[in-house]
Amino acid sequence: MNSVSDPMMSAASPRVLIVEDSKTMRAVIRHALEAGGVTVVGEAETAQEAGPLIDVLRPDALTLDIEMPGVDGLEFLDMLMAKRPMPVVMFSSHTKKGAAKSIQALASGAFDCIGKPTSPNDTKTFDQLVATVRAAIASSCVPRGEARAALKAAHLGASLDGLPTFHRIVAMGAATGGVEALIRILARYPTSCPPTLVAQQIQPSFLDALIETLDAAVRPRVKIAEEGEKIEAGRVYFSPADGGHMTLRNNRITMVPETDPTARQPSINYLFESVAREAGPWSVGAILTGMGADGAEGLLAMRKAGAVTFAQTETSCTVSDMPKAAIAVGAAEREVSLDHMANAVLRAATKKDGVVEPMPELVASQETIVSAPADEVRISDQISPALRALR
């Protein structure tokens, strides 16, 4: 059974259609959204009901349950992205199965996934929902769902394993939209990739599913970083989602505990600042899609230390706040589209003594040069003793 509100009501506010099979959950979602100034233009119990309502009501965004009878949320999302791409915020269970489906949804073009609230009084989840819906509608990025195709093609085509030696380590940071971005970047990585450290701000219940998906699909080994672990080529290390902040010290992973339970974890700034101290000119930094300004100051520290630094272009971001913040403080040397970010990062990681080794297997990246800060430290021949093995 569907419910429709007046499409003209509060026309200036964001307009959302709720797709959810539970009547109780529809009611609490509606209450949370309307309390947050979002207009609910309709409700649908099934995907079959949702299709015609989208055509009639033309909402700005959907909230979509993954687990539904008949056509489930993932199937409907695929059909929607093929026919009428629009911002979609998914609701998922916190179970292992629910987390795996959440990663599939993000790879298919969903703006974000939110774990289902544990009760009608779960104010934190509902506050997150309202903020996420508003961010989804404000985003200028058209959902594409290209990450699923990238996963399927990760092992296909010409091998990238005949590449030059990588001389630098890589640090990347992302938040909202980061799952799609990282899938598409790491799908281009060779088996013998530069050691890569990733701070992805994601719900803790979804991280294991993301790591499992990536490790099964891409060439290098992908894992959650462990305290004291020595970084190696051919490895991509993700910070735990709720175990503090991953940093680098003496070529090993060090976890810095967070004492503020409201702070965003993991911190991108903590990671970037530690890489600036430890690796300096023998590192590459990339700030990707996400809300907020985390990572800007850390990327600036990397650039001042002589690292090559990139920011994802606004038009290729799901949310461009973090790259914009980095560009505003002069932290990014170049803006690079998501399609070309893997190429840019890998090419920069070959850089030694100011020379980038040729990589004929990769297409040239399209980059926009960004002016350097006045006190930028130029790349020198100095190298951290801990990183000599990477030369």
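The following legends describe close-up views of a predicted model.

**View 1. The largest pocket and its lining.**
The largest pocket holds about 970 Å³ of space. It is lined by 33 residues, and those closest to its centre are K124, Q128, I202, Q203 and P204. Four elements each supply at least two residues of this lining: strand 6 (112–115), helix 5 (123–138), helix 7 (178–186) and helix 8 (204–217). The largest share comes from helix 5, which gives four residues. Sorted by class, the lining of the largest pocket consists of 13 nonpolar, 14 polar and six charged residues.

**View 2. The second largest cavity.**
Two cavities of 30 Å³ or more are found in the structure. The second largest cavity has a volume of about 40 Å³. Ten residues line this second largest cavity, and E180, Q312, S316, T318 and L338 are the closest to its centre. Its lining comprises three nonpolar, five polar and two charged residues.

**View 3. The contact of helix 2 with helix 3.**
Helix 2 spans residues 47–57 and helix 3 spans residues 73–83; their axes come within 11 Å and cross at roughly 25°. Because of this angle, helix 2 is roughly parallel to helix 3. The crossing of the two helices is right-handed. On the side of helix 2, the contact is made by A47, A50, G51, I54 and D55, and on the side of helix 3 by F76, L80 and K83. The residues of this contact divide into five nonpolar, one polar and two charged.

**View 4. The contact of helix 9 with helix 10.**
The axes of helix 9 (residues 268–278) and helix 10 (residues 296–304) cross at roughly 10° and come within 7 Å. These two helices are therefore roughly parallel to each other. Helix 9 takes part in the contact through N269, F272, E273, V275 and A276, while helix 10 takes part through A296, E297, G298, L299, A301 and M302. Seven nonpolar, two polar and two charged residues make up the contact of helix 9 with helix 10.

**View 5. The crossing of helix 4 and helix 8.**
Helix 4 covers residues 96–107, and its axis comes within 8 Å of the axis of helix 8, with a crossing angle of roughly 60°. The crossing of helix 4 and helix 8 is right-handed. In helix 4, the residues K96, A99, A100, S102 and I103 meet S205, F206, A209, L210, E212 and T213 in helix 8. By class, the contact of helix 4 with helix 8 contains six nonpolar, three polar and two charged residues.

Most peptide bonds are trans, and most residues other than glycine have a negative phi. Q265 and P266 are joined by a cis peptide bond, with omega at about -10°. P266 is placed in the loop between strand 12 (252–256) and helix 9. N250, a residue other than glycine, has a positive phi, near 50°. The position of N250 is in the loop between strand 11 (245–249) and strand 12.

Definitions and conventions
Residues are numbered from 1 along each chain as its sequence is written. This is a predicted model: local features need pLDDT of at least 70, side-chain atom pairs count only at pLDDT 80 or more; totals for chains, interfaces and linings use all residues. Side-chain values use heavy atoms; hydrogens and water are left out. On a 1 Å grid over the protein atoms alone, a cavity is a set of points where a 1.4 Å probe fits but cannot get out, and a pocket is an open set with protein on both sides within 12 Å along at least five of seven lines; lining residues have an atom within 4 Å of a point. Grid points are joined across faces, edges and corners, and a volume is the space filled by probe spheres set on the points. Ala, Val, Leu, Ile, Met, Phe, Trp, Tyr, Cys and Pro count as nonpolar, Asp, Glu, Lys and Arg as charged, and the others, Gly among them, as polar. Axes are lines fitted to C-alpha atoms, for helices over the stretch in contact, and angles run from 0 to 180 degrees between N-to-C directions. Angles under 35 degrees count as roughly parallel, over 145 as roughly antiparallel, 65 to 115 as roughly perpendicular and the rest as oblique. A crossing is left-handed if the near helix is turned anticlockwise from the far one by less than a right angle, and right-handed if clockwise. Contact means heavy atoms within 4.5 Å.
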